[in-house]
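Visitor: Please show me the structure. I have some questions about it.

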Amino acid sequence: SLFADARVLERAGIAFGVIDAGAHTMITRKVSASFDQSPIGQRRRRTMIEGLQRLEQAVLRDCAGRPAEAAGLDAIATAVAQDYLRFRFGQEAWLTATPALDAWLAQARLRPSYASTQPR
């Protein structure tokens, strides 16, 4: 349905925003040691935190009971966003816990298409 398609695009858009904020943070840290304390650095961090929180809520709202086999662009983008943040910022105290998102993505990652493309 059109409503379901809009929700997929909404979740994918949030995930892409998280990826973008994380990538910009990593790139800008290379030229500015104080980037994280700057207003733009703090805004990027808020984007990552709020994005993960919104994805967590979206999973609870839209994906409860939705089988991981039905995963689409939104799940792929969300998995990439979460993996990237955990890889790059895993030791940061500000990184938000997302138990529902973690559980749902763990199921999605069991799909052959996810499993066969994971870095080793």
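Visitor: Leaving aside its neighbours within four places in sequence, which residues is Glu-56 in contact with?
Guide: This is a predicted model, where local features need pLDDT of at least 70, side-chain atom pairs count only at pLDDT 80 or more, and totals for chains, interfaces and linings use all residues. Residues are numbered from 1 along each chain as its sequence is written, and side-chain values use heavy atoms, with hydrogens and water left out. Contact means heavy atoms within 4.5 Å. Beyond those sequence neighbours, Glu-56 touches Thr-98, Pro-99, Ala-100 and Leu-101.

Visitor: Is Glu-56 buried or exposed?
Guide: Glu-56 is found in helix 2; helices are DSSP runs of H or I, at least four residues, numbered from the N terminus. Buried means under 20% relative accessible area, exposed over 50%, partly exposed in between (1.4 Å probe, protein chains only). Because its relative accessibility is 8%, Glu-56 counts as buried.

Visitor: At what angle do helix 3 and helix 4 pack?
Guide: Axes are lines fitted to C-alpha atoms, for helices over the stretch in contact, and angles run from 0 to 180 degrees between N-to-C directions. The axes of helix 3 and helix 4 (residues 99–108) are 11 Å apart, and the angle is about 115°.

Visitor: Where in the chain is confidence highest?
Guide: Confidence is given as pLDDT, the predictor's score for each residue, from 0 to 100. The chain averages 87, and 93% of the residues score at least 70. The lowest mean, 81, belongs to helix 5 (residues 112–115), and the highest, 92, to helix 2.

Methods
Helix = DSSP H or I, 4+ residues; strand = E, 2+ residues; numbered from the N terminus.
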